[in-house]
Amino acid sequence: MSGVEMVLHPEEYERIRDVISRLRGDCNAKMVFLVDKNGQQLAAHGEIDALDTTALASLAAGNVAATDSLARLIGEKEFSILFHEGERDNLHISVVGGKVILVVIFDERSSLGLVRLRVKRGASDLKTILDEVWRKSAAPKKAGGGAFAEITDEDIDRLFSD
């Protein structure tokens, strides 16, 4: 799907938010982010007020890109899961469907095992939604497409009639 720009509609965004919200609760995480590989935040849920989410999204994408290069250097296709352990907080980063990055930030209230287990299910749910988004984004547009593609002559007549 390279060269195709992802178009995320409100209903798909809400489905994604539902999945990451459920994931946050299921693994008792502080925050869950979904980021594209260019470093753009797609969705977030949790304790994000005191965090620079733009920087987090960008750095997570850079981390995945650097790790992909390391993987290729040693003959691996990719490292699809990254884990960073800190004194207080931990980051679990995974690539979903080869297209987006799921970041889960958690502390001692959870465990790596629980996060990995729950992320597996959440990633599967996200992949289903994102496959649909990519399929719609790649679908050929109607002739005369764009913002006015679905407007009919009847709509125009109704608009200008008294």
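This is a predicted model: local features need pLDDT of at least 70, side-chain atom pairs count only at pLDDT 80 or more; totals for chains, interfaces and linings use all residues.

I started with glutamate 12, which is found in helix α1.

Is glutamate 12 buried or exposed? I looked up its relative accessibility and got 0%, so glutamate 12 counts as buried.

Next I checked what its side chain does with its charge. Glu12 belongs to a network of salt bridges that also takes in Arg15, Glu132 and Lys136. With lysine 136, the side chain of glutamate 12 makes a polar contact of 2.8 Å. I also found the glutamate 12 side chain reaching a backbone atom, the nitrogen of histidine 9, at 2.9 Å.

Then I listed the neighbours, leaving out residues up to four places away in sequence. Glutamate 12 touches Val7, Ile129, Glu132, Val133 and Lys136.

**Within helix α1**

I moved along the helix to aspartate 26 and arginine 22. Their side chains meet in a salt bridge, 4.0 Å from N to O. Both residues lie in helix α1, which spans residues 10-26, and they are four residues apart, about one turn of the helix.

How accessible are the two? Aspartate 26 comes out at 28% relative accessible area, so I put it down as partly exposed. Arginine 22 is also partly exposed, with 31% relative accessibility.

**From the helix to a loop**

Which residue does arginine 24 pair with? I found its side chain in a salt bridge with that of glutamate 47, at 3.7 Å from N to O. This pair links distant parts of the chain: arginine 24 is in helix α1, while glutamate 47 is in the loop between β2 (41-46) and α2 (53-73), 23 residues apart.

Arginine 24 has a relative accessible area of 21%, which means it is partly exposed; the cut-off for buried is under 20%. Glutamate 47 is partly exposed as well, at 39%.

**Aspartate 107 and arginine 109**

Last pair for today. Aspartate 107 forms a salt bridge with arginine 109, and their closest N and O atoms are 3.0 Å apart. What is the relative accessible area of aspartate 107? I got 8%, so aspartate 107 is buried.

**Tally**

I finished with the overall count, which comes to twelve salt bridges. Among the residues I looked up, glutamate 12 and aspartate 107 are buried.

Technical notes:
Residues are numbered from 1 along each chain as its sequence is written. Side-chain values use heavy atoms; hydrogens and water are left out. Helices (H or I, at least four residues) and strands (E, at least two) are DSSP runs, numbered from the N terminus. Buried means under 20% relative accessible area, exposed over 50%, partly exposed in between (1.4 Å probe, protein chains only). A polar contact is a pair of N or O atoms within 3.5 Å; within protein, one must be able to donate a hydrogen and the other to accept it, and residues adjacent in sequence count only if both atoms are side-chain atoms. Contact means heavy atoms within 4.5 Å.
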